[in-house]
Protein chains: 2
Amino acid sequence: MKEIAVLGSTGSIGTQTLDIVRQHTGKVKVKALASSKFSQKLKEQIEEFRPKYVYVHHYETIPKELIKKYDLIFLTGEEGLLHITDLFVDLYVVGIAGIAGILPTYYILEHKKNLATANKEAIICLGEILKKQYKKIIPIDSEHSAIFQSLKGEKTKNIKKIVLTASGGPFLNLPIESFKDVSVEEALQHPKWKMGEKVTIDSATLMNKGLEIIEAHYLFDTPYSHIDVLIHPQSLVHGMVEYIDGTIISNISVPDMKIPITYAISYPDRWETDVPSVDFKNLHKIEFFEPDYQKFPLLKLAKEVGIKGEAYPIVLTVADELAVNRFLSQKITFDKIPVLIQKVIERANFGKPKKLEDIIQIMEETQEIFKQVEKEVF
Amino acid sequence: MKEIAVLGSTGSIGTQTLDIVRQHTGKVKVKALASSKFSQKLKEQIEEFRPKYVYVHHYETIPKELIKKYDLIFLTGEEGLLHITDLFVDLYVVGIAGIAGILPTYYILEHKKNLATANKEAIICLGEILKKQYKKIIPIDSEHSAIFQSLKGEKTKNIKKIVLTASGGPFLNLPIESFKDVSVEEALQHPKWKMGEKVTIDSATLMNKGLEIIEAHYLFDTPYSHIDVLIHPQSLVHGMVEYIDGTIISNISVPDMKIPITYAISYPDRWETDVPSVDFKNLHKIEFFEPDYQKFPLLKLAKEVGIKGEAYPIVLTVADELAVNRFLSQKITFDKIPVLIQKVIERANFGKPKKLEDIIQIMEETQEIFKQVEKEVF
């Protein structure tokens with residue numbers, strides 16, 4: 001019986017994680033749940049999964065009778081975070097969206113816990129100070145899960161190329177001139193994947209793939225020159241690793257996050273899912289092509305930022321999250337997302353972070369730069 | 001430094017194996033060469049690779065001055081076979097074509113040696129008595145190498161499906177009515193792979209894929225219901241394993257036997273080859289479809305024969321080799337290959353072989369049945 005802690009339990013990854021726990025009772029149970037705030041959904045999760053620990057980031061009154069009824073250990077605040085990331089569990093599953101995942105990820109790794117995570121922002125921002133501890137991370141991102149699986153039993157010295165595939169998002173075939181008129185609703189309609197809002201918008205700008213390049217660099221300790229991106233609109237091939245002998249090991253499935261989440265929990269074993277098999281006999285098309293870097297400048301920027309290294313990946317991550325939020329709250333148009341991010345990157349000038357405090361400071365100062373840039377542009 | 005023995009050194013697999021040794025001097029050297037007969041090619045191989053042992057199956061006078069000049073230990077006959085299959089080497093590479101590979105394979109496995117083999121006939125015919133020792137075999141067949149690699153670090157209990165791909169051979173799109181007019185030369189023109197004559201004709205009838213189903217059954221200890229065949233004319237995806245979670249791990253490369261041969265020698269490491277990368281950006285088509293079992297009845301027959309088990313796979317293997325030889329020597333037309341094999345299978349009635357002698361007897365009696373059938377049909 002595996003005991004897991006689910007951080008970000010009410011989000012897209014968190015709820016799917018709990019769906020999987022429900023399907024595999026007898027193999028896995030939930031010891032802790034964590035969410036940014038108390039909600040009806042969290043209440044229902046507590047009632048169904050009966051965790052021992054519950055953490056809520058924004059301190060609010062969690063009903064006392066709930067704590068009493070289910071004999072919960074209720075945690076909040078900084079001290080609570082230190083506690084919730086230091087439990088005796090077999091695995092932490094982190095489904096927190098965006099930069100809110102950085103601190104929990106930091107503590108989980110510092111506490112030497114097993115970590116399965118979908119939070120690329122934390123992997124990127126903590127990369128410079130924690131990448132040596134990344135070998136034990138099981139990635140949940142479908143692409144990185146694919147690469148992780150394709151590296152099983154292989155030596156990193158034998159990697160010729162890591163290929164990340166990208167569906168191309170909802171605007172793959174939209175002319176760039178129309179980007180300014182894209183609605184939030186349209187940008188949230190991903191053709192292949194059901195995901196949280198932040199990552200869905202990142203998929204529409206291809207920033208998601210850009211962040212994944214940096215994520216892959218840190219996770220698999222691979223130079224940027226060995227990481228490629230291919231547009232693959234069918235989203236069946238999730239990742240490929242080419243080796244020095246010319247062999248490519250690749251990971252293929254119907255696009256469904258249930259697979260990489262289940263894998264992260266079952267690893268190194270595999271458990272059944274109800275995801276249907278790929279129907280090879282009725283594949284009408286299976287295409288791969290070069291991304292359009294003019295149309296999706298953030299993909300190129302992300303790789304450049306990754307190569308620059310130091311604090312730049314952190315600046316990129318923060319600027320992107322702020323820009324995406326501005327778009328989601330309809331403060332800026334879709335085409336302005338890359339403009340804002342590019343300007344923030346140009347203006348940033350930090351050294352290489354050496355400890356968590358440096359990262360936090362870089363993040364805070366990037367927010368200031370962002371506000372400044374925003375004022376000047378609009 | 002790995003020391004290897006190359007059996008069938010002058011054949012297609014053997015010469016490519018030696019090409020790889022030449023490319024990787026410093027990592028691998030040849031301790032023994034074996035060939036069916038002495039030839040100019042074998043002489044050149046002896047001069048270049050300087051093995052300690054040389055085995056020739058058909059006893060002929062190997063020049064005494066050659067033995068003396070290179071201080072060779074020259075082996076032949078049954079005793080020589082026992083000796084050549086019991087050397088202190090790191091790996092035996094068996095590239096012997098057809099049923100001639102059965103005895104050497106038997107002794108190599110009985111002597112508990114490490115074996116990399118392209119000889120599917122031996123794997124099939126010895127399956128019932130030796131399959132427990134198959135776990136240590138590194139397959140050289142590109143499809144089985146692909147499956148072997150896709151199973152790395154995985155549990156066989158988690159396999160949902162093994163998919164063997166087939167290029168479809170030179171007659172994929174030829175109407176069945178024209179099969180009677182196919183010339184030997186046409187049948188030897190494989191569109192994707194350069195291989196020996198026997199396997200090339202087997203690829204044209206799709207019997208090769210049929211034999212590979214049985215080979216996969218024994219090598220990977222997988223029931224026939226879990227083994228599928230897909231026609232994939234581009235020959236880029238060499239094999240796929242689908243797991244219970246819906247994940248498919250697949251092995252992709254430009255079709256070139258150098259890759260699986262190098263892998264068999266370098267395993268568990270990988271060594272460089274000069275095979276070019278798959279050019280995904282210029283893939284025009286990548287197709288998968290169901291085989292035409294009417295047009296290629298041997299594929300269906302082989303699976304049925306595999307399921308029947310007992311001595312049937314041996315009968316199939318022998319009947320096929322005889323029929324292919326008849327076609328190669330222009331005694332029968334291409335369309336008669338399946339007719340003859342089918343009739344031999346119908347007439348065979350042996351029990352399950354329990355030891356090598358049973359297998360040899362079944363093979364001999366199958367030859368008699370074949371001759372009988374041949375007389376009646378023609």
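Buried here means under 20% relative accessible area, with exposed over 50% and partly exposed in between, using a 1.4 Å probe on protein chains only. I note that this is a predicted model, in which local features need pLDDT of at least 70 and side-chain atom pairs count only at pLDDT 80 or more, while totals for chains, interfaces and linings use all residues. Residues are numbered from 1 along each chain as its sequence is written, chains are lettered from A and ligands numbered from 1 in the order in which they are written, and side-chain values use heavy atoms, with hydrogens and water left out.

**Entry 1: helix α12, chain A**

I took helices (H or I, at least four residues) and strands (E, at least two) as DSSP runs, numbered from the N terminus. Helix α12 of chain A covers residues 258–266, and eight of its nine residues are buried, so the rest of the structure largely encloses it. Among the buried ones I listed A:Ile259, A:Ile261, A:Tyr263 and A:Ile265.

I then looked up A:Gln16, which sits in helix α1 (residues 12–23) of chain A. At a relative accessible area of 16%, A:Gln16 is buried. Contact means heavy atoms within 4.5 Å. Not counting residues up to four places away in sequence, A:Gln16 touches A:Lys194, A:Asp256, A:Met257, A:Lys258 and A:Ile261.

**Entry 2: strands**

Two strands count as paired if DSSP finds at least two bridges between them. In chain A, β1 (residues 2–7) and β2 run parallel and are joined by six bridges. A:Ile4 is opposite A:Val30 of β2(A). Seven of the eight residues of β2(A) (residues 28–35) are buried.

In chain B I traced an open sheet of seven strands with parallel pairing, in the order β4-β3-β2-β1-β5-β6-β7. The edges are β4 (73–76) and β7 (137–139) of chain B; each has a single partner strand, so one side of each is without a neighbour in the sheet. From one strand to the next the twist averages 20 degrees. Angles run from 0 to 180 degrees between N-to-C directions, and axes are lines fitted to C-alpha atoms, for helices over the stretch in contact.

Strands β5 (residues 91–94) and β6 (residues 115–117) of chain B pair in the parallel sense over three bridges. B:Val93 has B:Ala116 in β6(B) as its bridge partner. Helix α2 (residues 40–49) of chain B packs on the sheet, touches β2 (28–35) and β3 (53–56) of chain B, and makes about 160 degrees with the direction of β2(B).

**Entry 3: B:Leu219**

B:Leu219 belongs to helix α11 (residues 207–219) of chain B. Its relative accessibility is 9%, so B:Leu219 counts as buried. Leaving out residues up to four places away in sequence, B:Leu219 touches B:Ile123, B:Tyr134, B:Ile137, B:Pro139 and B:His144.

**Entry 4: the two chains**

In the interface, 38 residues of chain B contact 38 residues of chain A. I found that 100% of the interface residues of chain B are also interface residues in chain A, so the copies meet through the same surface.
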